[in-house]
Amino acid sequence: MDAKDILGLPKISLPIPQEKKSRPQKDSQRKPDGISREVYALTGGVAPLMPSIDVNQLKKRQQPENEKITWEWLSFTNSARKDDLKLYHWVRVVNGTPPSGDYSFAKYNKSVDVIKYTDEEYEKHLTDDSWTKEETDQLFDLCERFDLRFVVVADRFPSSRSVEELKNRYYSVSRAILIARAPSPADVSGHPLVKEPYNISQEIDRKRALSMVLSQTKQQERKDAEILSEAKKIMESRMAAKAAQDAELAVTSNTSPEGMEKTTAPVETASPSNVQATSGVAPLMSMADNAASAAASLRMLRVYLRTYALDQMVQAASSSAGLRTIKRVEQFLQELKVNLKPKVPTKAVCAEHLELRKEILTLLNLQKLLQNKEEGSSYREGSYTETPDTPKDRSFIPDSVSFGAISTERVGKRDQKRKGPGREAPSSPAQSNKRPRKLKATDS
Amino acid sequence: MARVSIPTDQNDAAVEESDSTPPQQMIETEDEENKSLTKKIKDLEICVPIAYGTISFWLGKKATETQSHMWTVYVRGATNEDLSAVIKKVVFQLHPSFSNARRVVESPPFELTERGWGEFEIAISIFFHNDVCDKQLDLFHPLKLYSEAEHGPLSTKKPVIVESYDEIIFPNPSDKFLARVHNHPSVIVPRLPPTLNLPHAPMDDTRRGDTKDHPHGQWFNRFSEADELLKLAEARQQVQNHIVKLKRRLSMLEG
């Protein structure tokens with residue numbers, strides 16, 4: 001209002017647009033024609049955007065023009081009935097001729113073929129200690145009347161017999177008759193009654209078990225589930241423990257190389273070999289454990305690939321090694337011209353590959369041990385001329401020499417290099433800072 | 001192919017491998033004998049060696065923009081034996097730009113031939129018969145149309161073939177499966193104990209499903225473990241020598 005004053009515009013109230021708004025609203029309210037307003041409001045008050053059913057899509061009833069259809073009240077016979085009762089019903093008559101054919105529901109009158117035996121047959125094959133002829137006859141009569149619904153038969157049976165007993169008698173009688181009447185045993189051997197006779201004790205047990213399951217309370221169910229899962233866990237742990245035990249037995253029976261493996265012994269200890277051995281067993285157990293659990297988990301699988309199995313075993317074997325060590329193992333393999341993943345992974349190849357990896361790990365650990373010892377001794381000797389590089393270079397360079405030359409052992413040269421660590425390191429400045437420069441088979 | 005690898009028992013360790021019997025094998029024997037959980041035959045793992053991969057031919061004059069190569073992806077027995085005794089069907093999942101990218105092959109030879117221009121990774125899912133295994137096995141293989149040599153000449157005669165060898169292992173085969181395949185050439189079964197009573201299983205080999213006469217058979221690799229074994233044995237020897245030397249040094253240091 002003040003703005004308009006400032007601008008000097010005339011003040012005009014706007015009643016016109018308001019009028020326009022109210023009118024369209026009223027129009028929509030008046031839309032319905034043919035239905036009362038309230039009913040229309042039930043549908044949402046607005047005409048549907050799209051017709052819900054397209055009348056053209058509905059199938060048109062095919063009524064050929066030349067036929068005249070009338071409906072007549074006619075009588076009919078039912079072939080399923082034994083008497084000649086005639087009943088009436090509406091019939092669609094076309095052009096004056098009533099439809100032909102049997103009553104359409106007669107085909108549903110199915111019944112079971114219950115065997116009928118003669119007295120002779122009864123005397124010959126069917127006598128039984130616990131059943132009289134009378135009872136057996138009654139049983140069969142009821143079975144026929146009630147289409148082998150044994151529950152009903154049991155209810156109607158004059159003397160009290162259980163459903164299983166009735167079934168047993170019925171099936172054994174039928175079976176005996178079948179076999180007796182058959183021209184040769186081979187003919188009926190395919191018949192289900194003959195092939196699988198009714199086993200009454202099994203049935204009683206089965207039904208008892210079923211009813212027990214049905215009547216289990218929720219608590220019992222929970223307890224059962226708990227017990228099952230615990231049993232499973234116990235089985236699994238027992239299996240893993242057994243496997244580990246076996247692995248230990250197998251491995252400790254193997255002497256030396258692996259006995260010293262994996263001991264990262266501290267530098268000062270002039271540790272006697274038996275201490276090393278015992279401390280060696282513990283990390284050995286862990287490696288054996290890993291291998292055992294890897295093997296156990298593989299066996300749990302239904303199917304797997306050899307390469308997958310190898311990967312798992314390799315992982316298990318190098319689980320105690322750090323990432324760096326694993327990389328070193330791989331480099332070693334490459335220098336030995338061995339594929340990191342075997343090209344032809346058969347059982348033998350994979351086993352060899354795994355063993356090779358383990359041996360390389362042993363080797364690397366030994367080297368580390370040795371270098372620690374040397375470091376310790378040189379520390380004591382007080383030679384501080386070591387360059388502050390990765391100390392690994394020192395022990396590696398002598399090794400690379402011996403590694404490259406398998407046949408000739410240049411022991412002298414090796415010793416010389418070992419005694420002069422300080423001299424050695426600066427003499428290989430190009431090598432010292434490059435970690436990958438470790439064991440080269442081509443060094444000499 | 002009656003390669004015998006007996007799971008070692010206390011009796012004989014007559015295995016072609018080295019003396020330090022791998023703990024893997026020992027675990028299998030001792031453990032399984034005490035387990036009587038399932039009715040499955042223990043202590044035996046059935047091994048099916050396969051070779052899978054792709055082979056692709058450049059179409060030369062007949063090549064178009066969208067179809068420059070004709071390639072086949074396949075799973076075959078490593079010695080070209082019939083795999084249908086074990087495998088029920090193989091499903092190859094192709095690049096989505098192919099119509100019906102999920103191709104199912106239900107009878108041997110388990111392969112699929114297509115024309116295209118691009119390289120992509122094919123997912124191969126192997127489904128086994130019901131008595132073999134109800135889990136599928138998944139493999140992956142990149143399709144290679146062009147050879148490694150950067151600007152090598154494209155030839156319509158020489159295909160680019162990339163195959164991988166692997167072995168499918170069933171650690172706990174069922175009786176039925178074992179009975180069915182224990183004499184089948186496509187499968188390696190360790191020597192069965194003589195007392196084992198196998199149910200009788202019919203062998204129907206009415207149809208030939210092996211790839212011995214495959215049209216591209218001349219290009220298939222013959223995978224031999226001998227080379228690798230040799231290399232590995234050499235390497236192990238070297239490493240062992242090394243270890244011996246180091247131990248000597250270590251003992252010298254301590255002594």
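The model is predicted, so local features need pLDDT of at least 70 and side-chain atom pairs count only at pLDDT 80 or more, while totals for chains, interfaces and linings use all residues. Residues are numbered from 1 along each chain as its sequence is written, chains are lettered from A in the order in which they are written, and side-chain values use heavy atoms, without hydrogens and water.

Select the open sheet, whose 5 strands run in the order β3(A)-β8(B)-β1(B)-β2(B)-β5(B) with antiparallel pairing; strands are DSSP runs of E of at least two residues and helices runs of H or I of at least four, numbered from the N terminus, and two strands pair if DSSP finds at least two bridges between them. Because β3 (304-305) of chain A and β5 (110-116) of chain B each have a single partner strand, one side of each is left without a neighbour in the sheet.

Next, select A:Glu135 and A:Arg161, which form a salt bridge with the closest N and O atoms 2.7 Å apart (a side-chain nitrogen of Lys or Arg within 4 Å of a carboxyl oxygen of Asp or Glu). A:Glu135 lies in helix α5 and A:Arg161 in the loop between α6 and α7, so the pair ties together parts 26 residues apart in sequence. Both residues are buried, that is, under 20% relative accessible area with a 1.4 Å probe and protein chains only, where exposed is over 50% and partly exposed lies in between.

Finally, select B:Glu45 and A:Lys347, whose side chains meet in a salt bridge at 3.4 Å, N to O.
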